[in-house]
Amino acid sequence: MSAVRRVGLFGGTFDPPHLGHLIAAEEVRDALELDEVLWIPAGRPPHRPEGPVAPADVRVRLAEAAIQGHDGFRVWDGETRRAGPSWTVDTVRALAEAAPQPTEWTLIIGADQYRAFGEWREPEVVARLARLAVVSREGAGITPGEPRFPFHAVAIPRIDISSSEIRRRRKEGRSIRYLVPEPVRRIVEAEDLYV
């Protein structure tokens, strides 16, 4: 019988992915002793009706560039290939059904997402299929929520970088060096993204 694999699910628009994303994913991987973290670029996030700025295939490439050289990270593009909104419950179900070996899933979300978790589509199913890892800068804002949604709290260093800030800097013609991994910066600049 094969050992249970421990896999984190790290979803986001990654528009673009930045160093804060890498730090959060690595902190959770280390703290919860995960074998792997799947980076999952959202197809069409239901909470963002305006949608991502960059096309899905570009965001997948950006995520792949961001994690280049990290053996514990992998990109899964299933949400970007699925029609309609990217519901987390559909993603977790699809991954669980396709897993080639017994797997313990951990859904990585922020404290703000956890506070709204009860309003997600089928949150009970998500919480049954995957344990929740709630990340927060320096542990701020993590308080026990509804008892039916237990979670593992993971404090991460405070890094004030956001994708929207990076897009704004690009529009203003400012540098994004050292805010994103170098391979991401090269793609963003070569393809004139976010200008």
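Which residues of helix α3 (residues 88-98) are buried? In this predicted model, the buried residues of α3 are Val 89, Thr 91, Val 92 and Leu 95. They cover an arc of only 160° around the axis, which puts them on the same side of the helix α3. An α-helix has 3.6 residues a turn, so residues three or four places apart point the same way. On the face of α3 that is turned away from this buried side, one finds the exposed residues Glu 97 and Ala 98. The cover over the buried residues of α3 includes the strands β1 (5-12), β2 (36-41), β4 (103-110) and β5 (130-137), together with the helix α5 (123-129).

| Pocket | Volume | Lining residues | Nearest the centre |
|---|---|---|---|
| Largest pocket | about 1,400 Å³ | 49 residues | Gly 11, Gly 12, Gly 110, Asp 112 and Gln 113 |
| Second largest pocket | about 210 Å³ | 14 residues | Arg 74, Leu 95, Ala 99, Pro 100 and Trp 105 |

The lining of the second largest pocket divides into nine nonpolar, two polar and three charged residues. Leu 95, which is one of the buried residues of α3, is also among the residues closest to the centre of the second largest pocket.

Methods:
Residues are numbered from 1 along each chain as its sequence is written. This is a predicted model: local features need pLDDT of at least 70, side-chain atom pairs count only at pLDDT 80 or more; totals for chains, interfaces and linings use all residues. Side-chain values use heavy atoms; hydrogens and water are left out. Buried means under 20% relative accessible area, exposed over 50%, partly exposed in between (1.4 Å probe, protein chains only). Helices (H or I, at least four residues) and strands (E, at least two) are DSSP runs, numbered from the N terminus. The arc is that of the directions from the helix axis to the C-beta atoms. Contact means heavy atoms within 4.5 Å. On a 1 Å grid over the protein atoms alone, a cavity is a set of points where a 1.4 Å probe fits but cannot get out, and a pocket is an open set with protein on both sides within 12 Å along at least five of seven lines; lining residues have an atom within 4 Å of a point. Grid points are joined across faces, edges and corners, and a volume is the space filled by probe spheres set on the points. Ala, Val, Leu, Ile, Met, Phe, Trp, Tyr, Cys and Pro count as nonpolar, Asp, Glu, Lys and Arg as charged, and the others, Gly among them, as polar.
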